[in-house]
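This report goes through one structure part by part. Please look at the sequence and the model before reading on.

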Amino acid sequence: MDYGKYFSDDVPSFMRSPVREIFRKVDLSAIYSFAGGYPSAETFPLEKMSALSEAVVRKYGAKALQYGATQGVPELREAIAARCGVDVRNVQITTSSQQGIDVCTRILVNPGDAILTTAPTYLGAIQSFRSYRAKVYAGEAPAGSKVKFFYAIPDFRNPSGETMTLAEREALVERARREDFIIVEDSPYRELRYSGEQLPTIYSLAPERTLHLGSFSKIFAPGLRLGWILGPEELLEQIYVCKQALDLCPPVFDQYLAAEYLGSGELDRNLAATVELYRGKRDLLLSLLEKYMPEGVSWTHPDGGLFLFVTLPEGVDTVAMYDEALAAGVAYVAGSFFFVDGSHRNTMRLNFSFMDTARMEPGIELLSRIIKSAIWKK
Ligand SMILES: Cc1ncc(COP(=O)(O)O)c(C=O)c1O
C-alpha cells in the first residue's frame, strides 16, 4: 500500500537523529562509547527508589496514579519555584525538556518563520524546529526573515561544553529587546558545574521575554521524562493549552517522586556526589586527550556538563571516519550534525559521563590511533 499520500505536509521535514541511529545499531555498553549524552548509571539513586515510591504512595495514595493538573502537580511546581526563586505562576512542568523545546516552538513558530541559534547547537532542538518547518540559522537570519526566537544553551552547551559569558548573555538580551524576539534558554546542565563561577540565567536578566527550560534528566534520571519551563504567565498560558492536546498532564507519579526527592534534600546530596564524579571524569578525559592526541588536534575545556568538542586538522572527515571507528570498537558523534548547515566535518563530540572511568584510557588510546591514521591518509 502507498501510505505516502496519507502523510501531512510536515512529515518530509522530520529529521532522523544520527545519534539515535547509532544507538539502534550498536550496543553502546559493548564498545568504548563517547557517543551518547547518557548520565552515568552510578548517579541514579537506585537504593533510594523503594523508599521514595513508598513515601509517594503513603502521602498521596490514589492521587499519585490519577490524572493530574496540566501545569503539573502543585507540590512539584512549588518546589521548583522555591529552588529557582520565582513565583509558582511562572512554572509549568513538562514531560522533559525535549517537550519544552517542542511546545515553545509549537506556540511561537509558523512554517517559514526563522529561529536563530548558536553554531554548534543541540541536535534534538534542530529536529523539533524543522518538524514545524521553521528556518533555522546560526547567529543571523537573512534580511526580511521573521525571527521568532533565539535558542541558546548558555551553560555547558551540548555539544561543545562552552558557557556564555555574562557579557554575551547581556548582549543577547539587549539584542532580543532591540530586534524584538523571544529567547528560549535551554538549561539542562546548569547544575553540573565543576569549575568556575555560576553566572545568572538569561531568564533572570530578561524574565519578560525568556522561556527557561529545566530538566530532571541530568540531576535525577532521564527515564522519568520530567522537566520544567519558567516564563511569563501569558506565554505559559498558551503552553498550558497546547499541552492539553499533547499529553493532558506530565506523568503524575514521577512528579510526586521528584517532589519527594527534592523536598527530602536527597537531590542536593546526590547532586553533590554527581558533580564530584563528573569533575573527575572531565579531568581524566582532558588529561587523556593531552596524552594521546596528535599535533593539530584541539578541544574545548568545559566548566561543566557532559561533553567536550574536538577539532581535527582541516580535511579530516569525522563522518567518513565513523564506520572505521565503530568497527574498531569506539564511538563518538560527528560534530557536523550539530551545525545547521552540516559544516565542520572535521569535528567530533565526546561525552565523558557515561563510560566507566577505567575504560576511558583504552577508549581514547584507540580513538587517537584512528585519528592519527585518518590524518596520515589525508
Ligand atoms: C541541550 C539539551 N536540551 C534538551 C535535552 C533533552 O533532555 P530531556 O531528557 O530533558 O528531554 C538534551 C538532552 O541531551 C540536551 O542536551
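## Helices α2 and α9

In this predicted model, Leu52, Ser53, Ala55, Val56 and Tyr60 of helix α2 are in contact with Phe253, Tyr256, Leu257, Glu260 and Tyr261 of helix α9. Sorted by class, the residues in this contact of α2 with α9 are eight nonpolar, one polar and one charged.

Helix α2 covers residues 46–60 and helix α9 covers residues 252–263. Their axes come within 9 Å and cross at roughly 105°. Angles from 65 to 115 degrees count as roughly perpendicular, so α2 is roughly perpendicular to α9.

## Two domains

The protein chain is split into domain 1, made of 4–44 and 268–377, and domain 2, made of 66–264. Between the C-alpha centres of domain 1 and domain 2 there are 24 Å. To the contact, domain 1 gives 29 residues and domain 2 gives 33 residues.

Which elements give two or more residues to the side of domain 1 that touches domain 2? They are α10 (266–292) and β10 (307–311). Helix α10 provides the largest share of that side, five residues. By class, the side of domain 1 that touches domain 2 holds 17 nonpolar, seven polar and five charged residues.

## The seven-stranded sheet

An open sheet is formed by seven strands, in the order β2-β8-β7-β6-β5-β3-β4, with mixed pairing. At its edges are β2 (91–94) and β4 (135–138), each of which pairs on one side only. On average, and with direction ignored, neighbouring strands of the sheet are turned by 20° against each other.

One of the pairings joins strand β3 (residues 114–117) to strand β5 (residues 147–152). These two strands run in the parallel sense and pair over four bridges. Which residue in β5 is the bridge partner of leucine 116? The partner is phenylalanine 150.

## Helices on the sheet

Helix α6 (residues 166–179) packs on the sheet, where α6 touches β5 and β6 (182–186). The direction of α6 makes about 170° with that of β5.

Helix α3 (residues 74–84) lies across β2 and β8 (227–230). Relative to β2, which is an edge strand, helix α3 runs at about 120°.

Terms used: Residues numbered from 1 in each chain as written. Predicted model: local features only at pLDDT ≥ 70, side-chain atom pairs only at ≥ 80, totals over all residues. Axes fitted to C-alpha atoms, helices over the stretch in contact; angles between N-to-C directions. Parallel < 35°, antiparallel > 145°, perpendicular 65-115°, else oblique. Contact = placed C-beta atoms within 7 Å. Nonpolar A, V, L, I, M, F, W, Y, C, P; charged D, E, K, R; others polar. Domains from an automatic or database assignment. Pairing = 2+ DSSP bridges.
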